[in-house]
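The sequence and structure come first.

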Amino acid sequence: MPHTGVPHTGAGGPRRGPGRRRRTALVVCGALALALAACGGVWAVLGGGDDAPGRPLARPDTAPATRHDDRPTKEPTPSGAGRTPTLDPNAVRRPGEARVLFQTPAPDVPGSGVALPGFWVRDDHVVKTEQNRLVGRADDGAERWAITFPKRVCATPALRTADRVVIAYEGPGKNACSRLALVDLDKGAKLWDRPAPKGPVWASGHTDLSIAQSGDLVGLTWTGGSALVRASDGEEVGLAPLSPACSVGGFAGGEVLLRAYSCRDNTAKLQKITPSGRIAWTYRLPKGHEVARVLSTSPVVVSTAKRGDAESVRFRSLTDGGTERAVLDTRAPDYELHCDQDDTFTAVLDGCQGAVATADTLYLSTEIHDSGDTRTNDIEAYDLGTGRRKWHTGGQAMRPLRTEGDDLVAYRFPAAGTAGGVVGIGPNGGRPRTLLRHPAATAEAESGFEDAMYAYEHGRLYIAADHVYDTPGTDRPGSLIMAFGP
């Protein structure tokens with residue numbers, strides 16, 4: 001069974017209530033669990049009537065919470081159905097605050113909640129998984145196109161920039177994530193649909209399947225099995241078989257495709273796979289260590305840990321040829337990564353937020369500390385060639401998102417009485433400067449995201465839930481997507 005080598009504990013993302021899905025923290029001295037009871041106004045997008053489509057509106061939520069049959073074939077309730085608007089938050093914006101471009105309420109879900117993997121930002125629309133649908137929404141939140149699948153979408157690649165992605169949805173059998181489809185994210189078209197490759201008899205159910213994609217190569221891993229297929233037609237690509245004593249721990253995609261595996265003799269390796277499906281190089285980890293996460297595939301940056309030892313996490317950079325470049329001299333006691341589909345048994349190596357890599361620098365966010373109404377952490381920059389720390393900066397809790405030129409762009413989490421926003425940090429660190437300040441009127445709605453993906457593109461900040469819960473005893477549906485712009 002795949003194992004990541006890192007304990008699954010609370011992470012430094014938005015605060016969450018009890019019973020929420022566990023997220024990954026790379027821990028050296030332990031993790032801090034954060035909790036928040038989010039309440040108050042939630043913003044909803046509604047069409048029809050006298051309101052313009054996609055207009056962001058505040059609303060009272062008076063409908064009782066509902067619980068639904070947990071069968072994956074159940075048709076989901078459309079986002080925002082039956083909710084009454086009362087107030088436009090943009091009407092109460094303060095000078096200098098960003099606009100709420102749109103907000104989509106979360107769909108009704110079973111009481112235990114449901115994972116909604118997958119979020120992509122295109123030039124003029126965004127695409128989000130909504131249970132058994134992929135929905136493309138325009139800049140005002142209006143639905144541009146939708147693709148409906150027979151059952152729930154259960155796995156997507158972390159690749160954020162591709163125009164065509166392979167997704168998986170539930171097939172026959174319990175917990176079987178066994179159907180694959182290629183989707184054109186710009187046209188909103190399904191190009192092919194077929195069953196996932198068969199695994200061994202004991203792994204035929206495709207339980208806990210994960211997907212990693214790089215160009216035309218797609219790596220699949222599930223409990224007891226793995227495969228490599230082409231995105232263009234879904235056909236399987238043969239790789240040299242591993243020894244029966246070894247098992248694949250997962251794939252990581254992006255600019256290149258990587259495969260991690262470990263063996264019974266206490267060894268583990270990481271491999272780069274060429275576009276034609278051959279092994280370009282193999283990196284052998286120190287004895288007893290295994291790959292926990294792949295933070296970047298170009299340059300290659302990984303976190304590793306000794307098996308069963310959560311306090312042994314190290315960050316390693318590799319050369320283009322697959323040799324060790326540096327082991328980072330990390331300073332903080334722990335670093336937190338919010339990772340895609342981060343469930344206990346799902347072999348997902350990539351898709352982590354909280355780390356950004358350039359050709360020569362890795363930016364990491366430290367654990368978020370909660371002290372009353374104050375939430376703080378640091379961002380640290382490390383030289384990938386020497387492993388030494390370049391600089392660090394701290395303040396209100398932040399998460400690195402991407403780089404623009406020589407600057408790092410980070411999301412600043414909301415705090416008590418203060419909405420979130422986007423900040424820029426110069427190449428030598430220093431005080432973060434505000435790029436986007438979110439409206440104070442949406443602070444509670446923004447804080448209400450339990451598990452979310454954050455994307456900053458074209459001067460806009462998007463927050464998209466990757467897991468939605470039906471919280472017993474409340475009538476607050478929560479949010480699926482919020483978008484902010486200048």
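L182 stands opposite W192 in strand 13. Six bridges join strand 12 (residues 179-184) to strand 13 (residues 189-195), and the two run antiparallel. Strands are DSSP runs of E with at least two residues, numbered from the N terminus, and two strands pair if DSSP finds at least two bridges between them. Strand 12 and strand 13 make a hairpin with four residues between them, and G188 in the turn has a positive phi of about 70 degrees.

The model is predicted: local features need pLDDT of at least 70, side-chain atom pairs count only at pLDDT 80 or more, and totals for chains, interfaces and linings use all residues. Residues are numbered from 1 along each chain as its sequence is written, and side-chain values use heavy atoms, with hydrogens and water left out.

An open sheet is formed by four strands in the order 6-7-8-9, with antiparallel pairing. Strand 6 (119-121) and strand 9 (143-148) are at the edges with a single partner strand each, so one side of each has no neighbour in the sheet. Strand 7 (residues 125-130) pairs with strand 8 (residues 133-138) over six bridges, and T129 has L134 in strand 8 as its bridge partner.

The largest pocket holds about 1200 Å³ of space. A pocket here is an open set of points on a 1 Å grid over the protein atoms alone, where a 1.4 Å probe fits, with protein on both sides within 12 Å along at least five of seven lines; lining residues have an atom within 4 Å of a point. The volume is the space filled by probe spheres set on the points. Of the 36 lining residues, A158, R160, T161, L401 and R402 are the closest to the centre of the pocket. Strand 37 gives the largest share of the lining, five residues.

Two disulfides are counted, a disulfide being a pair of cysteine sulfur atoms within 2.5 Å.

| Pair | Sulfur atoms apart | Angle about S-S bond |
|---|---|---|
| C154 and C177 | 2.0 Å | 95 degrees, right-handed |
| C246 and C263 | 2.0 Å | 100 degrees, right-handed |

C154 lies in strand 10 (residues 153-155) and C177 in the loop between strand 11 (164-169) and strand 12, so this pair ties together parts 23 residues apart in sequence. Both C154 and C177 are buried, that is, under 20% relative accessible area with a 1.4 Å probe, protein chains only. C246 and C263 are both buried too.

Note on methods: Buried < 20%, exposed > 50% of the residue type's maximum accessible area, 1.4 Å probe, protein only.
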